Structures are given as structure tokens and as C-alpha cells.
Amino acid sequence: MSQYPHLLAPLDLGFTTLKNRVMMGSMHTGLEDRPWHFSELAAYFAERARGGVGLMVTGGFSPNRAGDLLPFGSKLISGWQVPFHKKVTSAVHEAGSKILLQVLHAGRYGYTPFNVAPSAIKSPITPFKPRELSTAQMYKTIEHYARAAKLAQKANYDGIEIMGSEGYFITQILNARTNKRDDEFGGSYENRMRFPLDVVKAVRKAVGPDFILMFRLSMLDLVDDASTMEEVIVLAKELEKAGITIINTGIGWHEARVPTIVTSVPRAAFVDATAKVKEAVSIPVIASNRINMPDTAEEVIASGKADMVSMARPLLADPEWVNKAASGRTNEINTCIACNQACLDHTFENKRASCLVNPRACHETKLIYSKTNNAAKIAVVGGGPAGLACAVVAAERGHKVTIFEARSEIGGQFNYASKIPGKEEFRETIRYFDTMIKKYGITLKLNHKVTAGELSSGDYEHVVVATGVKPRMPKMEGIDHAKVVSYQDLLANNLDLGKSVAIMGAGGIGFDVGEYLSHEGESTTLNKDAWMKEWGVDITNTQRGGLVKSDMEPSPRKLYLMQRKASALGKGLNKTTGWVHRAVMKLKHVEMIGGVNYDRIDDEGLHISVTKGEQTDLRVLDVDNVVICAGQESVNELFEALKDNPTFKSHLIGGAEFAGELDAKRAIKQASELAASF
Ligand code: FAD
Ligand code: NAP
Ligand code: SF4
């Protein structure tokens, strides 16, 4: 009997059966836009199909040029494109899975000056004001959806998903806030539903009955003046009547100011909204957002709140997710930590997506962990993300690996990251590496600060130095004062700081320390109801858009977050997550000060000069503590002592090699590439 009987049960759709309840949701990888990338796209999907996933959905393809997400973005508009898509569908079918093509019209989210929308209203997240479509063009667009579906059928897709959520074109039509039309597609809700329903009818007519039609329905818009659950349910029922096979969940428009997928969102946070729709229709309904581990997924289905789960990023992180869950190897799952750093952040920077914990994602044909015929003896010094990734990939390939770690536990700086409220998921990465160390028989020497002499006598062929970083302590008067602590002292020793604290440095770690010091009690990421209150989410969606007043507890202590740059604080944080950190600091009433010069620290507190334009003000912040988050320096003395040793080859990776702009994405990628080369 499987541990996850509901999750792994087949789903009978009448004309076809899905082998389990796991769907890999749509994600734009950057491989969809150019035909010459389709072989790589096929390899990417095939790897996930072999990993056991029951159904998958491609990234979005526009039904016409006007619906482009990006200039020359992915679209399915002509027969010449069909053979390229067939590479994907045959790879997936050979591997025993099914795949849908997502049809996505971006509407006013199109990042092009030629974008169109139901009304000429610019979105707050794009620079281009859209052109309003005429009534005739609306009808033409419906035909384009049907054409895309027909082409998808020719390319042997098992169906299509119509993107009707996240604030794209169809949601723009459905909502009065973006639809001011006075023709038959505007005005009453009945009129606003006309477009999606006509699309579904036209598509169904074009493809016949035995083709999966999925609709991604916005169940919670999380923007003002948008749909209520009552309206969502009316639409869901009409979609069922019009010929939809499965309804998938969409949560929040891209312009919403409530986080919906970042790591601090509780697991399966929005499943109760899905449950409301499921109660109202008789076709299968899929739950989505922040479902990343089998226990959560099983619970969602077993509770009857949904028939399937959609996971996108978790299958980037681990293509074998389903097979591992099915064979009782849940602990071996390389969990998606919802950091967005290599997937969505890349997409928004117009770069190919990948994954922080799995740099092979979307590089399946290039980064290959083949079994070695020439097992080498390898020492890895440092059990942080870089050392662990290098050790595990090398051992998986058949090399004989020993890790030396100076501390009593593996994980390096990730141990500190996982102590930040809202970053609990980071612990999963350490758990994954721990499981892999055991699985591949890696020798782990904890509490072992290894010396150059010991390594020289160890008969190694390769020594990988991954000794990481230490906090930078700025040279200034009073830096040795008893008030001063580094972020590392604070987090490693769970120090209890005073009622007033200054944080010096506002990079990723400064903001994280701000979160740590401004939260009290249980992290709301572990308590769905408390989290909903903090962010002002009405999960019943009785209030339009599902928004109520946010009720974030202010920080229990006076906090100052500072940087020397005059620019806005947090500007350099990651694109898709930085806004959440900035919003939390504001809601917690943390005082953020830029353009600071740190003059000295003494019994009175922190003396600073703040320059704004021509004017410089002197201030004394009467604080009990000053936490230093002023960047990091490499720990690489060992490498200096080893690099000329003729008995083995030395390698320097991760923070030990270069501390500037270091993150775990770079550390793990560099380490995995090195291990693939041995
Ligand atoms: P480290 O993590 O520093 O690991 C080095 C290891 O080597 C340590 O365990 C150390 O004990 C060991 N060592 C050193 N010398 C020796 C020796 N001589 N013998 C044996 N062992 C030795 N990154 C992100 O990408 N995203 C985030 O959201 C993020 N959040 C963070 C939040 C916080 C609070 C912190 C502190 C860091 C965060 N980071 C984040 C940064 C990330 O943790 C680092 O980039 C990453 O840990 C660097 O990996 P590393 O292996 O190079 O070094
Ligand atoms: P960082 O992002 O480089 O920030 C360092 C901060 O210290 C800046 O605010 C900098 O601003 C200040 N600073 C630098 N030198 C200083 C000095 N001599 N005196 C005083 N202040 C100084 O580094 P970090 O915050 O240490 O983070 C390390 C890495 O971890 C980052 O690269 C980041 O990617 C990663 N990380 C990521 C996340 C995430 O959410 N993605 C979270 C945490 C950490 P001024 O120079 O303007 O003062
Ligand atoms: Fe998940 Fe981060 Fe990987 Fe994206 S980059 S798939 S969010 S672990």
C-alpha cells in the first residue's frame, strides 16, 4: 500500500485516464520562444515524464501576435510550427505521460508597445498602454484560440489549457476594473463572461470531444474591485457546460500586492478557495500554489478539497518527485524552497529558467551527471551548499568522497537562512543533502577542521575547498563595543537582543535579519490563518478580489535598517521576492535609512550622518545593539596552503572563491558543474 494512495490514484476523464493526480503546471522556461530550442524543451519535459508525473502543461503560447507576452514571444499560429511541437509531444508520450499546450494571451501584460486589451488601461507592472480591441477583433481573437487548439491537436498534444487567471487577457475581460467596454463583451458580468465561454465553445467545436480542455480559473484575484467567489462559481459552472474537462486554480493577478508563491507563503495556503469551486462543479478541479511535498499534496486530495494538485517549480527542482514519492523515498526529494531565484527571477530578466537546488533544470542536454568509469578519491572541505552539492553529484557519479566540516552540522550559512521566519523551507535542502550523503555512502567528518597536512597525507586525487564565507566587520570606531554583534553571532547563538536595534547593511541578509528581529512567536508561514490576517486575505472571497485590511503586527522592538547608498533600500533584492521583503519592513514599521555614514558606536548608541542632497544631518540612534550585515569575505586560507601541492588537484568553489554577490544559486551551480567534470 502506497503512502500516498489518493495522490497516486488514476483519474478517469471518460475518454482518457491520467495515471496519477500530479500535474506539472505551466512555467515559461525561455525554451519555448525559439524553434531551435525545442529539442532541449523536449528533453526537459521527457525527464519529468520519466519521473512519473501524470500530466504536464507547457509554458504559455499566444494564439496571435497581439497576445505576445514579449516581442517575438512564443505563439502557436501556423502549421509550420507543428513539427517542432511534435518533438515535445512524442518525447513525453514515449516516456508515458500526457501534455497540454497552454494558450496564453497576455493582454495588457504584454511587454511590447503593440499590446492590446479589452480597454486601454495600462497595468501598473508594464510600461506600455494597451490598444483597445474592437468588437470585430474580439471575435477574431476567439477564432485564434480555436486555431491554436486545432494546431495543438495536430501536434499531438493531449489537450490545451486556456489561461484565464493571473491577470492576463481573459481576467482583464472578466473584471470591471479593466473592462470598460460598452459592447456585448462589457458591462454586466454575463457580458464579461461571454468571451471566455465563446472561446471554450469555439475550441471544443474545433477539436471534438476527446481532447482535454483545461481552464485556469482565477479563484482569488487579490486586487481591488475584482471577482467575488459567487461570480467565480457562476463562471465555473458555465465553463463546465461549455465543454471544459478540468478546472485548474489561479491565485492573484501579477500586479497583486499579496505574495502568492514565495517561500513565506504557507504550504497549500489557498486550497480552501479551490474547495469552494470543487463543491460547485462535477468536473475535476486542481489545487495549486505552494504545494511542494507529497504529504501536503496527499492531504489536499484526501480532504476532498481538490481532485489533483498542480506543482510547477517542485518538478523543476526534482524531476523524479513522483517516482520518489511512489517508492517510499520522500526523503530523497530535492524540495523546491520557493526562492524563485533561478526560475521566475530568470524569466523576468529574460534569461533561461533553471533551479537553485537543481542547476540541471532546463539544461538537461548540457549538464550531465554520467556514471564514471574512473572512480577518484575526492576530499571536499566545507559542508555548506557548495561543498554538499559537489560531494553529492560526485558521489552519485561513482566517485569516493569525504566531506570535512568544521561545525557539528552540515548546511553552512543555509542553517542561518532557515532560522529566518518565512524561510523554514531552506531546512529541506539540508535534509535532502543529508539523505544523499547516506544514500551514496559519502564519508562525513563533522567537527573536523581539516588542515593542509592532513589532506596531503590522504591519498586524494582532488581536493575541493568550499570553506565559504565569514561576515565582513567594517573598520570603524566602536566596532568592538559590547553592543555589536554579527548576523552570524545572532543567528548561530539565538542571541536575545534589546528593545532597540540598528541593522548595518541592507542587502539580502540585512532584510532577513530585519524579518528575524521584527517577528515574535510562531512564524506565520506555519499558521495559515495568521498569515491570511497579516496580508489581508479573505479566503472566502466574499469581499471583491478577496482583500480585507492587512493586520500585520508591528515589530516588538524599534528597528533601524540602514545602508550607505542613497538609493531606495532593497532595490537590489531579487525581482519577484524583493517587493515582499520591502512591504514587510514597511508594515512592521522598521525605519529604513539610506545615504548613511556610520561615524562611531559607543555607550550612547550608533552615531550616523545622513546625507540627503546638499544637507547632512547628524543623528545618534539610541540602540541596545548593532547587528552587522555588511557583506561577507571569503574564507580561503586553506586553498592558499594547498594550491601548489603536486599530489592532488585543488579546486576553489562557492563563497570561498568569491564572496561578492554570492548566493546559493551560484554556489550550487558551480559545485555541480565541477563535480560533473571529474
Ligand atoms: P558556507 O555556507 O559559508 O559554507 C562553508 C562551510 O565550510 C561552513 O559550514 C564552514 O563551517 C565550513 N568550513 C570552513 N572552513 C573549514 C575547514 N577548514 N574545515 C572544514 N570545514 C570548514 N542565499 C540564497 O541564494 N538565497 C537566500 O535566500 C539566502 N538567504 C540567506 C539568509 C541568511 C540569513 C544567510 C546568512 C545567508 C543566506 N544566503 C542565501 C546565502 C547562502 O547561504 C550562501 O551563499 C551559501 O551558504 C554559500 O555557500 P558556501 O558553501 O560557499 O559557503
Ligand atoms: P549584500 O547583498 O552584498 O549586502 C551587503 C550590505 O552591506 C549592503 O547593504 C551594503 O550596502 C553594506 N555594506 C557593504 N560593505 C559595507 C561596509 N564596509 N560597511 C558598511 N556596510 C557595508 O550581501 P549580504 O546581505 O551579506 O548577502 C549575501 C548574499 O546572500 C547576497 O549576495 C544575497 O544574494 C544572498 N542572500 C539572498 C537572499 C534572497 O532573499 N535572495 C537573502 C539573503 C541573502 P552599502 O554599501 O550601501 O552600505
Ligand atoms: Fe523552486 Fe527556487 Fe528552484 Fe525555483 S529556483 S524551482 S523556487 S528551488
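Predicted model: local features only at pLDDT ≥ 70, side-chain atom pairs only at ≥ 80, totals over all residues.
**Figure 1. Close-up of ligand 1 and its polar contacts with Q341, Q413 and K423.** Ligand 1 is surrounded by 36 residues, and the closest of them are Q341, E405, K423, G655 and A664. Two of the contacts shown involve side chains. In one, an N or O atom in the side chain of Q341 lies 2.7 Å from a nitrogen atom of the ligand; in the other, an N or O atom in the side chain of K423 lies 2.7 Å from an oxygen atom of ligand 1. The backbone also takes part, with a polar backbone atom of Q413 at 2.8 Å from an oxygen atom of ligand 1. Taken alone, ligand 1 exposes 1,000 Å², of which the protein buries 93%.

**Figure 2. Composition of the shell around ligand 1, by element, class and domain.** Two or more residues of this shell come from each of the elements α12 (385-396), α13 (414-417), α16 (487-492), α17 and α21 (664-677). The element that gives the most is α13, with three residues. By class, the shell comprises 18 nonpolar, 11 polar and seven charged residues. Domain 2 (377-470 + 633-677) and domain 3 (473-519 + 555-630) each supply at least three residues to the shell around ligand 1.

**Figure 3. Close-up of ligand 2 and its polar contacts with R472, A506 and A630.** There are 22 residues around ligand 2, and A506, I509, R564, K565 and L662 are the closest. An oxygen atom of the ligand lies 2.7 Å from a backbone N or O atom of A506. A nitrogen atom of ligand 2 is found 3.1 Å from an N or O atom in the side chain of R472, and a polar backbone atom of A630 is 3.5 Å from a nitrogen atom of ligand 2. Taken alone, ligand 2 exposes 900 Å², and the protein buries 78% of that area.

**Figure 4. Composition of the shell around ligand 2, by element, class and domain.** Helix α17 (residues 508-518) contributes the most to this shell, with three residues. The shell contains seven nonpolar, eight polar and seven charged residues. At least three residues of the shell around ligand 2 are drawn from each of domain 2 (377-470 + 633-677) and domain 3 (473-519 + 555-630).

**Figure 5. Close-up of the open sheet of five strands.** The strands follow the order β18-β25-β19-β20-β21, and their pairing is parallel. The edges are formed by β18 (484-486) and β21 (591-593); each has a single partner strand, so one side of each is left without a neighbour in the sheet. From one strand to the next, the twist averages 20 degrees. Within this sheet, strand β19 (residues 500-504) and strand β25 (residues 625-628) run parallel and are joined by four bridges. A502 stands opposite V626 in β25.

**Figure 6. Close-up of the closed barrel of eight strands.** The barrel runs β3-β4-β5-β8-β9-β10-β11-β12, with parallel pairing. Its twist averages 30 degrees from one strand to the next. Strand β3 (residues 22-24) and strand β4 (residues 55-61) run parallel and are joined by two bridges. The bridge partner of M24 in β4 is M56. Strands of a sheet pair through backbone hydrogen bonds, in either a parallel or an antiparallel manner.

Key: Residues numbered from 1 in each chain as written. Chains lettered and ligands numbered in written order. Heavy atoms only, no water. Near = heavy atom within 4 Å. Polar contact = N/O pair within 3.5 Å; in protein donor to acceptor, adjacent residues only side chain to side chain. Areas by Shrake-Rupley, 256 points an atom, 1.4 Å probe, with all protein chains shown as cover. Nonpolar A, V, L, I, M, F, W, Y, C, P; charged D, E, K, R; others polar. Domains from an automatic or database assignment. Pairing = 2+ DSSP bridges. Axes fitted to C-alpha atoms, helices over the stretch in contact; angles between N-to-C directions.
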